[in-house]
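Biologist: Could you walk me through this structure, starting with whatever the records point to and then moving on to the rest?

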Amino acid sequence: MGSTDADDTNIVVAMWTVSIAGELWFALMWLLDQLPKMKPVRRAVDVAALEESLLPTIDVLVTTADPEKEPPLTTANTVLSVLAADYPAGKLTCYVSDDAGVALTREAIAEAAQFAGLWVPFCRKHGVEPRNPEAYFNPGVDCNKTRVVTRGDYKGRAWSELARDRRRVRREYEELRLRINALQAGDIKRRRCAAADGNATTYWRRGTVEDHAGVVQVVIGQSSGLVLPQHGTGDVDRCNLLDLSSVDVRLPALVYLCREKRHGRAHHGKAGALNALLRASAVISNAPFVLNLDCDHYINNSQALRAGVCHMLDRRGDDVAFVQFPQRLDGVDPADRYANHNRVFFDCTEPGLDGLQGPIYVGTGCMFRRAALYGIDPPRWRWPHGDDTAAKDDVHQPDKFGDSMAFLHTARAAMNHPDRSSSGGGGGMSPPCLFDEAAAILEATALVSSGYEDRTAWGRDIGWMYGTVTEDVATGFCLHRRGWRSAYCATAPDAFRGTAPLNLTDRLHQVLRWAAGSLEIFFSRNNPLLAGRRLHPLQRVAYLNTAVYPFTSVFVMLYCLCFPVIPLVTGKETTAGVVSVDWSTYIAFLAALMLTLAMVAMLEVRWSGIRLGDWWRNEQFWMVSATSAYLAAVAQVALKVAAGKELSFKLTSKRQHVTDGSSGGRGKDKFAELYAVRWTTLMIPPAMVLAVNVASMVAGIEGRWSRNGVATILGVAFNAWVVVHLYPFALGIMGRWSKTWSPLLLLVAFLTVRLLCVVLQFHNMN
Ligand SMILES: O=c1ccn([C@@H]2O[C@H](COP(=O)(O)OP(=O)(O)O[C@H]3O[C@H](CO)[C@@H](O)[C@H](O)[C@H]3O)[C@@H](O)[C@H]2O)c(=O)[nH]1
Ligand SMILES: [Mn+2]
């Protein structure tokens, strides 16, 4: 170092220190990311091998929270897909939790139940897929398979009747859609009036509210009293009825539930809702396996439940606490601009973990073993203390489970129940139902009261975890920490499908929530470093990675914003005079590094079968997140740790996917949300990074710096690398313009920034 100027030297030393720390951090993150992928596994299930009579009962838990962001029609469709799943009707119960507690959702569910009387037998008769009526009748543009069934792939029993039946059911579905949308319109009007009268507080606001009584209501009973297979709008033409003589018309049970909420009481968001569902379902059907679905995630493959059960009943499945299915999405723009599909995670990371202790739980499309949620140890770790003594001890503790004797009774039954067919007894079947319906409803209502969990272990040691906005990761972690395994189940066709935010702002908020939730876990008692020896070492590495990745944004910002900005504002190349570099070694090193990274990426792509494009979009969106949401997450969690400011759960809107009315106008504005620009502070940092790098690139190209050729080329290459990564962000903030102007983006930016440079230089000369 030949010192020219004390200031310059200080800057260079600072940059040097930051780089060393940064490189070490990046290397660590790379290791944390790669190590858990050492033993990837891909499993397949043989659904046909399941014996019908030994199928266990299943409780499906669906959560919805806000009828405005989560249209009741979407929830109704999910419920219909569950009711129509290929599973014995008597062994399936669907529970819907409505956190808003509004009549609207309840009425929509009741309407769906009516329609189910027609829909479910129709699906069974003709082997229809998918069994979500909206997706069946109006497949999105991204499903390039047409829904026109040909004789060859028809799976039902009456080919000649399909067209006629389909027409009839379709008409009924359109009626249902109109009725539910009318309910919603009426509800909005009612709400406006209430707000105008000034008593808006008695009505719900934004789903999270706050003060309503608990309700448990059986919409379709176990004995299926409500089977009205020929239901119509009243004026049904007799000769238009479906011939259902050869079809099982029984329906699975359906229960609507709304837990009690009171002002000033923590309700713990989705985790709280799921715990309420878990308890209520215990006294009603008490199935040994529960499937958790978000309101927008419907069953896309009617065999999905059976596939999950295969993993659970497998001979080596005793230690499996949950079976996670990949999250697949409908309605994402074809270019997947914001990497909504998350292919790298779902096709590389999760199958990788399956070879260790199992995939991470991601909140929806996941089947649990009920007993595992009650906090017992997996069989492997129960031995040699005897099978169930621990469980018996536990379950008598009201301070753990709460004081409902009825619930304790069912919990004990669940924990002692052999839920695998080969373990003898009445294996595979389910614990008997303990109560008659009326008593069960009464008990369930008490179990969803807001005070029930006071001074219990709910959310801490049992059920879904509280204290984080990513209850999913935390819950899965707690099960793994206890020694449970999980399994990954990718089926074809996809088991479940859901929706995702198309809008940049919504997407950033979603990523922000995930990142903040991860950091919350790091700063909680669920920090993976604190876990005991039952957590597989590489599983620990994977969880550590999930818990710390947002920190990377700090270095990303230093590299991508601060470093390029220094020469721009000081007007001279600080490093030029003080650092001498052996360029050939440096470039060789750089090339080797790049090559290694590229090879690893290729390996991942080849193995997982994702396309290179998917991988690239993942890289791009990672950069967008690292410069915005991750940074904000670090700030939010710092605030929480320092000042105790709790994070809030910002619900992801599912609106865009429900188009109103006529199927004709559907295609055109399907991606309207993609082009809507809604500014948020989250967009400021990436916008700055973009501007600075474009500016620096321009300055480099124009030969403004006094550095040598190689340094200039490398500098410009780095800037270009940042810019191409942020390209989706640039498109996002251009809104509608990005449709027509995207190729011109760089040019426009180039000219603007050139002007800026000239101004800056002028300023520096004075
Ligand atoms: O107070 C609440 C808040 C949310 N929910 C439900 O939670 C689900 C997930 O909400 P959403 O806004 O769709 O979250 P995403 O951004 O799509 O969520 C992903 O990440 C979340 C954790 O951050 C997981 O809970 C989700 O399952 C997972 O899909 C929805 O069904 C909501 O109805 C409630 O029931 N009560
Ligand atoms: Mn969602």
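**Contacts, burial and cavities**

Modeller: Keeping in mind that this is a predicted model, let me begin with Glu70, which, once its neighbours within four places in sequence are set aside, is in contact with Thr64, Ala65, Thr75, Cys295, Leu651 and Lys654.

Biologist: Which side chain makes a polar contact with the side chain of Glu70?

Modeller: That is the side chain of Thr64, and the distance of this polar contact with Glu70 is 2.9 Å.

Biologist: And is Glu70 buried or exposed?

Modeller: Glu70 has a relative accessible area of 5%, and because the cut-off for buried is under 20%, Glu70 counts as buried. As for its place in the chain, Glu70 sits in the loop that runs between strand S1 (58–64) and helix H2 (72–83).

Biologist: Where does UniProt place the feature "binding site"?

Modeller: The UniProt entry, which is unreviewed, puts that feature at Lys69, Glu70 and Asp99. These residues span 31 residues in sequence, yet no two of their C-alpha atoms are more than 12.5 Å apart, so they gather at one spot.

Biologist: What about Asp99, where does it lie?

Modeller: Asp99 is found in the loop between strand S2 (92–98) and helix H3 (103–126), and with a relative accessible area of 6% Asp99 is buried.

Biologist: Changing topic, which helix does Ser625 lie in, and what does it touch?

Modeller: Ser625 belongs to helix H21, which covers residues 612–627, and, not counting residues up to four places away in sequence, Ser625 touches Val511, Tyr630 and Leu631. A polar atom of the Ser625 side chain also lies 2.7 Å from the backbone oxygen of Phe621, and Ser625 counts as buried at 1% relative accessibility.

Biologist: Which residues line the largest cavity?

Modeller: Its lining is made up of Val473, Ser518, Ile521, Pro528, Tyr543, Thr546 and Ala547. Helix H16 (504–522) and helix H17 (537–548) each supply at least two residues of that lining, and H17 gives the most, with 3 residues.

Biologist: How many of those lining residues are nonpolar, polar or charged?

Modeller: Sorted by class, the lining of the largest cavity has 5 nonpolar and 2 polar residues, while no charged residues are found in it.

Terms used
Residues are numbered from 1 along each chain as its sequence is written. Chains are lettered from A and ligands numbered from 1 in the order in which they are written. This is a predicted model: local features need pLDDT of at least 70, side-chain atom pairs count only at pLDDT 80 or more; totals for chains, interfaces and linings use all residues. Side-chain values use heavy atoms; hydrogens and water are left out. UniProt positions are given in the numbering used here, feature names are shortened, and annotations may be inferred rather than shown by experiment. Helices (H or I, at least four residues) and strands (E, at least two) are DSSP runs, numbered from the N terminus. Buried means under 20% relative accessible area, exposed over 50%, partly exposed in between (1.4 Å probe, protein chains only). Contact means heavy atoms within 4.5 Å. A polar contact is a pair of N or O atoms within 3.5 Å; within protein, one must be able to donate a hydrogen and the other to accept it, and residues adjacent in sequence count only if both atoms are side-chain atoms. On a 1 Å grid over the protein atoms alone, a cavity is a set of points where a 1.4 Å probe fits but cannot get out, and a pocket is an open set with protein on both sides within 12 Å along at least five of seven lines; lining residues have an atom within 4 Å of a point. Ala, Val, Leu, Ile, Met, Phe, Trp, Tyr, Cys and Pro count as nonpolar, Asp, Glu, Lys and Arg as charged, and the others, Gly among them, as polar.
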